[in-house]
Each structure stands twice: as C-alpha cells, then as structure tokens.
Amino acid sequence: MMFRRRTDLQLAADPAGRFLPSVMAVMVFLGTLSFAGAIVLDQAMQSWSRSIEGTLTVQVGDMKAPDSAARVAVAVDLLKATPGVVSATPLDKAAVDKLLEPWLGKETLATDLPIPALIDVRLARDAELDTAALGARLAQAVPGARLDDHKPWLAHMVRFARTLQWLALGIVALVGLATVALVVFATRAGLAVHNEVIEVLHLIGARDAYIAGQFQNHTRRLAILGAIVGLCLVGAVLVALAGIAANIKAPLLPKLELAPRHWLMLAGIAVLAVALATLTARITVMRTLKKMM
Amino acid sequence: MVRFQNVGMRYGIGPEVLRDISFELAPGSFHFLTGPSGAGKTSLLKLLYLARRPSRGLITMFNHDLSTTPRDKLPDLRRRIGVVFQDFRLLDHLSALDNVALPLRIAGANEAQVVEHVTELLQWVGLHDQIHARPPTLSGGEKQRVAIARAVIGHPQLLLADEPTGNVDPDMGMRLMHLLLELNKTGTTVVIATHDQHLIESFNRPRLRLDDGELVLAPGLAA
C-alpha cells in the first residue's frame with residue numbers, strides 16, 4: 001500500500017501562508033523589473049561609449065568668417081599629420097545645419113547666428129592619442145580652434161546612469177529585505193498556530209531540523225508559485241515596453257531588448273528570491289525552536 | 001534507567017508543584033503512579049517525558065544526567081520513551097495509520113516496514129477498520145487506542161501513560177493493559193498514572209503515590 005504525500009504540520013491551511021504567493025509575485029516583479037532597469041542602463045552606457053569611441057570633433061571659429069576655409073584647412077592638415085588620426089573631414093554647411101536643426105530650429109539657423117565650422121575626426125582603433133596636447137597644438141596653430149572628445153558629456157551621462165543603476169540595485173536589495181521580513185512574519189505565525197503539534201513532534205523524538213524541513217518545503221512551494229507569476233508579469237511588461245520604445249525615434253533612449261543571458265539573469269533573481277524565502281523560513285524555525293525544550 | 005534525586009519543579013515563578021521527589025525505576029519495572037487530582041502526577045510525567053526541566057534536583061535517565069545533557073541530544077532520549085497523553089494529542093489531519101507511524105518515520109524507518117508494523121498493531125488494538133480514519137471521526141476510546149499504539153510502536157525502553165484506560169470499556173481496558181504488560185515483559189519500563197483503584201488492585205504492581213507535590217509512597221520509601 002502506498003502513502004499519499006502528507007506533512008505532519010498542516011501548513012497549507014495557515015492564513016498567514018495564503019498571501020505569501022501573491023506577495024512573493026509582487027516582490028519578484030519589483031525585484032526583477034529593477035534589475036532589468038539596471039541591465040538596460042548598462043547597455044545604454046556601453047552604447048553611448050561605443051558611439052563616441054574613436055571620434056573627435058574640432059570646432060574652428062565662425063563658419064561665416066572670410067578666413068574660415070583657410071583656418072579649417074590648417075587644422076585638417078595638422079590633424080592628418082597627427083599619428084593615430086585616420087581621417088579629418090570638414091563638415092559642409094548642410095551637414096552642420098542638419099546637426100543643429102533639432103536643437104535650434106530652422107528659423108534660428110536662417111539668421112546671422114555664428115555657426116562654428118566643424119571637423120569630424122576619426123581615430124585608429126587602439127590609438128593612444130593625447131587629446132589635451134593635440135587640443136593645445138590646434139589652438140596654437142589655429143587660434144580659436146577647440147577640440148572636443150565628448151568625454152565630459154559622456155561622463156555626465158554615465159554618472160547619471162550609474163546613479164540610476166545603483167538606485168535600481170538598491171530597490172532589488174530592499175525588495176529582498178521586505179521578502180525576508182514577510183517570510184519571518186508568516187513563519188512565526190505558522191509556528192504559533194502549530195505550537196501544540198510541534199510540541200508533540202518534539203516529544204516523540206523529532207529534531208528541530210525535521211520540523212524546520214516542513215516549514216521550508218512549504219515556504220519554497222509557495223515562493224516558487226509566486227516567483228513564476230512575478231516572472232511572467234515582468235516578462236510581459238518588458239516585452240510591451242520594448243515594443244513601445246521601438247516606435248520612439250530617440251537615439252539616446254536605451255534599447256529595451258534583453259539578450260537571452262539577461263532573461264536568464266532575471267530568472268536567477270527569481271531563483272534567489274525563492275532560495276532567500278526558503279532559507280529565511282528555515283532559520284526562523286530553527287531559532288524559534290531553540291528557545292523550546 | 002530513571003533516577004530522581006531531590007527533584008523540585010515549579011511553573012514560572014509560581015509555587016513548587018513537586019517537592020523533594022526521589023525515586024528510582026529499575027529497567028523492566030512496572031509502576032502505577034497514583035494520587036489525587038492536582039497532586040502533581042502530570043507534572044511528574046512531564047519531567048519523565050522530557051517536556052520540562054526540573055527547577056532543582058538531579059534527574060538521570062538512560063545514564064544521562066539531564067542537567068548536563070545538551071538540548072540537541074534530547075531527541076535521541078525521547079525516541080527511547082513512549083508517551084500516552086491524557087488528552088491523546090493526536091494530529092487531527094493525519095489518519096490513524098499516519099499518527100501511529102509518526103515515531104517510526106521521525107526516526108527514519110523504512111517506509112514498507114512502517115506500514116506493515118503499524119497496520120499489524122492497529123489490527124491488534126481492534127482498529128483494523130479505522131486505519132484511514134482521522135481522529136475527529138474516532139470515538140474517545142478509539143483515539144485512546146491510537147494514542148497507545150503510537151506510544152508503543154517504536155518499542156520504547158520507557159513507556160509513560162496518563163490514564164491510558166480512562167476512555168475505554170472494561171474489556172478493552174484489560175486488553176490494553178495486557179498489551180502494556182506484554183511490552184513490559186520484553187524489557188520496557190512502564191509507568192502508568194491512574195486514578196482507577198480497580199485497575200491498580202487487579203495488577204499487583206509497585207506504586208508511586210503523590211500527594212500535594214510530594215512523593216508519599218514509593219518502593220523502598222516508608223508509607
């Protein structure tokens with residue numbers, strides 16, 4: 001004759017345990033969503049860094065000045081003679097207008113507003129260029145010329161993105177702490193409800209680990225259920241957001257598409273949440289039972 | 001087997017419910033524990049089945065001084081003790097079979113043997129038709145038999161029973177007493193707490209008598 005699956009403690013009927021899957025679902029949703037945000041920001045930072053890597057921009061006074069072409073030619077010659085520079089291409093007015101139009105508007109560009117002449121500089125891969133020294137030489141050769149390696153702009157963006165990333169990871173940690181508090185509460189409530197049965201089990205020879213095992217298995221089952229729901233919700237939200245973001249034409253907007261390894265990382269967060277809940281239940285029971293005879 | 005030396009016990013900061021209790025139970029002995037209600041029988045049993053520690057005095061069980069026995073060693077000692085609680089303390093959501101099987105499963109016994117032994121014992125105590133019944137559906141007498149079966153299934157070295165025949169008819173009471181006597185013959189030390197004078201007189205066994213928390217009668221103690 002075979003026994004059906006049974007537990008000595010009737011934990012499934014506990015009121016405190018009933019809300020655990022739904023709260024775990026919310027916790028896993030918030031935790032994985034925050035972590036996904038951190039991943040997206042990381043991708044954005046890499047993308048921004050890639051987009052300016054190996055490029056410099058040189059500004060040479062007002063484009064409309066009579067000696068502008070000559071000044072640009074001097075600067076281009078100097079740049080081309082610099083080791084590590086692959087190309088130095090002056091941008092014509094149409095190209096400069098195209099760059100400035102989104103910021104200044106067509107009407108403003110049509111006025112006598114001084115527009116700098118720009119030279120797009122491409123560097124060789126792995127070029128070790130001293131941009132400060134090059135900038136100084138340019139300024140000496142062509143007074144008013146200014147070299148921009150975009151790094152200050154990128155540094156600001158990266159600093160901001162890093163702050164957001166830490167914030168997202170902080171939310172993940174807070175969600176973890178809240179999960180621990182929730183499981184401790186539910187487990188203590190369960191211990192109080194089943195105090196008499198636990199005493200009987202002790203008196204017939206059960207070790208603390210035997211009783212803790214029942215609580216941890218029960219908590220794990222509920223946590224897995226909640227984690228699956230939370231993970232499905234976050235998957236749906238991320239796919240929807242990626243669809244919306246794909247229709248927005250903004251080059252700086254980070255891509256919301258996650259690679260398979262990122263999805264695995266999100267699943268890893270859910271697995272960690274389940275492990276955290278299970279371990280918390282075990283430790284809570286073991287610590288409480290230690291106070292009993 | 002069991003030795004109490006000047007043992008006292010109190011609940012919290014209340015008065016002592018047991019005072020200066022000293023006695024010894026030899027291996028394989030059979031004792032009745034008697035005394036009026038409130039004399040301290042249940043408290044003495046609680047000390048014996050390791051549910052409480054004494055407030056003072058020395059208890060030695062299975063050659064272990066309980067005052068120095070670490071908490072994590074207590075389960076090993078408890079597995080050598082079978083207890084029939086006065087209120088049975090069965091697990092209501094488990095079947096009679098699962099209730100009786102608990103001590104074996106907790107000790108990690110082979111599942112096939114567990115089922116075989118438990119079924120056999122439940123048949124012996126007349127519960128073959130109630131094997132899968134849950135305690136709330138059983139009568140008081142049936143619950144008592146399940147409780148006794150749970151206490152004896154692991155063949156304990158010490159069996160403690162609090163009014164084990166209180167809820168069954170005289171015939172079944174005798175049958176259960178004979179089960180306990182059979183167990184005693186195989187070497188189990190038995191202590192039965194009871195008010196039942198007829199039972200005590202039917203089985204001429206040594207008595208431990210408590211009165212107002214003091215042991216007034218024990219083998220070797222002047223009455």
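Predicted model: local features only at pLDDT ≥ 70, side-chain atom pairs only at ≥ 80, totals over all residues.
**Notebook: chains A and B**

I started with contacts inside chain B: among those between residues at least 6 apart in sequence, 68% join residues at least 24 apart.

Next I looked up the secondary structure. Chain B has 7 helices and 10 strands. I then checked how compact the chain is. The radius of gyration of chain B is 17 Å, and the globule rule also gives 17 Å for 223 residues, so chain B is as compact as a globular protein of that length. I looked up the span too: along its principal axes, the C-alpha trace of chain B covers about 45 × 40 × 35 Å.

How many of the 223 residues of chain B count as buried? I found 42%.

Then I turned to where the chains meet. I found 18 residues of chain B in contact with 13 residues of chain A. Which elements give two or more residues to chain B's side? They are α2 (74–78) and α3 (96–106) of chain B. The largest share of that side comes from α3(B), with 4 residues. I sorted the residues on chain B's side by type and got 11 nonpolar, 1 polar and 6 charged.

Last, I looked at chain A. This chain is divided into domain 1, made of 11–49 + 154–289, and domain 2, which is 55–126. I noted that domain 1 of chain A is therefore written as two stretches, by the domain assignment. Taken over C-alpha atoms, the centres of domain 1 and domain 2 of chain A are 52 Å apart.

Notes. Residues numbered from 1 in each chain as written. Chains lettered and ligands numbered in written order. Contact = placed C-beta atoms within 7 Å. Nonpolar A, V, L, I, M, F, W, Y, C, P; charged D, E, K, R; others polar. Rg over C-alpha atoms; globule rule 2.2 N^0.38 Å. Buried ≥ 20, exposed ≤ 12 C-beta atoms within 10 Å, placed from the backbone.
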